[in-house]
Amino acid sequence: MRTGKSDISGWLVRPAGGHLWAVLVTVLAASAAHAARTVPGGGMDNAIVVRAARTWLAGGSPYDDPHFLYLPSAVLAAVPQALLPGAVLRVLVPCAVTVLLALAWACALLLHRVPLGSRLAALGLTALALGFAPFGHLVLLGNWTVTATVALPLALLLASRGRWTGAGAVIGAAVALKPLLAPVVLLFLFAGRRRALMAAVLVPALASGAAALAMPDPAGFFTRTLPFLLHGDDGFVRLYEASPAAVLPRLGVPPALAQGLAAVAACAGVLCAYRRWRRADPGPLRLAETGAGLMLSAFLVSRPSYDHYLLVALPLLLAGLPYAGSVARGVWFWIALVPQVPGLTWPWLESERRRAFRDAFTLCVLAVTVARQALTGPGGAGGRVPPGRAPEPERAPAAPF
């Protein structure tokens with residue numbers, strides 16, 4: 001992308017110095033080490049999955065635990081972890097989550113044709129680790145959301161290279177582990193990619209069907225987990241949910257009205273994502289913003305919807321920073337992230353049980369920002385990309401920091 005000498009884009013895509021990489025490695029290592037020292041067993045959420053696998057190995061039903069919100073195929077995928085001792089999981093899980101988050105960032109950069117050795121590569125991941133609280137939360141929790149954070153940019157990267165069926169298989173594999181990326185099948189509908197759609201549906205269906213046959217309660221996901229997800233009636237979970245459907249009732253809005261408003265907002269977001277796809281301008285922003293828009297729309301209405309879900313969409317948007325007209329060039333993108341700065345104390349929202357209000361602000365503002373971008377086009381976000389041209393990352397010689 002050639003945006004002129006005065007634009008920060010050229011500086012961002014130039015090679016990073018060794019000191020920037022040293023800072024990044026130090027930050028990531030410290031984050032993983034803190035999680036390993038703080039949380040026994042490899043994270044609270046990961047422990048739920050491991051416990052479910054151990055229950056199945058002992059002959060029980062993993063769906064006896066109402067907080068196990070995964071498809072049957074995830075039980076088999078968790079068996080290797082269930083066989084490992086807790087001392088190993090305590091170190092392995094935060095390290096694995098950190099590596100996967102770095103891989104997700106790398107895929108997002110490749111999608112946007114930004115060099116992996118660039119300053120944006122080093123500074124962007126450092127900023128996520130230091131300045132975006134859900135990053136640290138995900139490492140601490142060891143939640144399998146991390147598989148979705150990798151799968152979405154990887155799938156979009158494959159799609160950008162014409163490998164749509166492979167993209168569908170990646171989404172399907174991620175859904176088989178955790179159904180978080182199910183809304184992305186709409187992208188395959190938008191694009192008219194039937195094979196990709198079939199792969200995204202058949203992979204988790206076949207994997208879960210085969211795994212369910214080995215369960216003592218084959219229909220447990222449908223009889224126990226789905227009702228839990230649809231009603232969201234768990235008092236503990238509700239305190240940490242970021243969707244308007246969960247937050248508005250805490251402000252006195254009737255639950256039915258809150259759910260209706262969230263559903264309307266989600267439908268509007270999907271329509272905006274479709275509008276974004278139909279605006280078939282060249283370059284990677286089309287895939288990134290459509291995919292991110294679909295996921296943010298789903299998070300508005302899904303139950304549960306946690307702060308670390310934002311990491312599914314945020315790297316895709318942040319990696320587009322060097323492009324004139326990208327969402328990350330808009331001021332509201334950065335305003336949305338302010339409540340997620342670690343260590344920043346907000347009056348009346350200091351309690352962990354009230355941080356859902358901050359998370360809801362970030363989710364809603366990001367969703368509206370992406371939707372507005374879909375409707376108004378790149379010209380309203382900091383510059384217009386010339387029609388008919390796909391911007392390319394600027395290649396420049398190495399320069400000191």
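1. Arg 113 is partly exposed, at a relative accessible area of 30% (buried is under 20%, exposed over 50%, and partly exposed lies in between, with a 1.4 Å probe and protein chains only). Arg 113 sits in the loop between H5 and H6; helices are DSSP runs of H or I with at least four residues, numbered from the N terminus. The phi of Arg 113 is near 60°, a positive value in a residue other than glycine. Most residues other than glycine have a negative phi, and most peptide bonds are trans.

2. The model is predicted: local features need pLDDT of at least 70 and side-chain atom pairs count only at pLDDT 80 or more, whereas totals for chains, interfaces and linings use all residues. Residues are numbered from 1 along each chain as its sequence is written, and side-chain values use heavy atoms, with hydrogens and water left out.

3. Pro 304 belongs to the loop between helix H16 (285–301) and helix H17 (314–318).

4. Buried in H2 are Leu 20, Leu 24, Val 27, Leu 28, Ser 31, Ala 32, Ala 35 and Ala 36. These residues cover an arc of only 165° around the axis, so they lie on the same side of H2; the arc is that of the directions from the helix axis to the C-beta atoms. Gly 18, Val 25, Thr 26 and Arg 37 are exposed on the other side of H2. The buried residues of H2 pack against helix H5 (86–111), helix H6 (119–131) and helix H7 (133–141).

5. Arg 193 is located in the loop between helix H10 (185–191) and helix H11 (194–212), and counts as partly exposed at 38% relative accessibility. Leaving aside neighbours within four places in sequence, Arg 193 is in contact with Trp 164 and Phe 188 (contact means heavy atoms within 4.5 Å). The C-alpha atoms of Arg 193 and Trp 164 are separated by 7.0 Å, although the two residues are 29 residues apart along the chain.

6. Phe 361 lies in helix H19 (residues 355–376) and is partly exposed, with a relative accessible area of 36%.

Methods: Helices (H or I, at least four residues) and strands (E, at least two) are DSSP runs, numbered from the N terminus.
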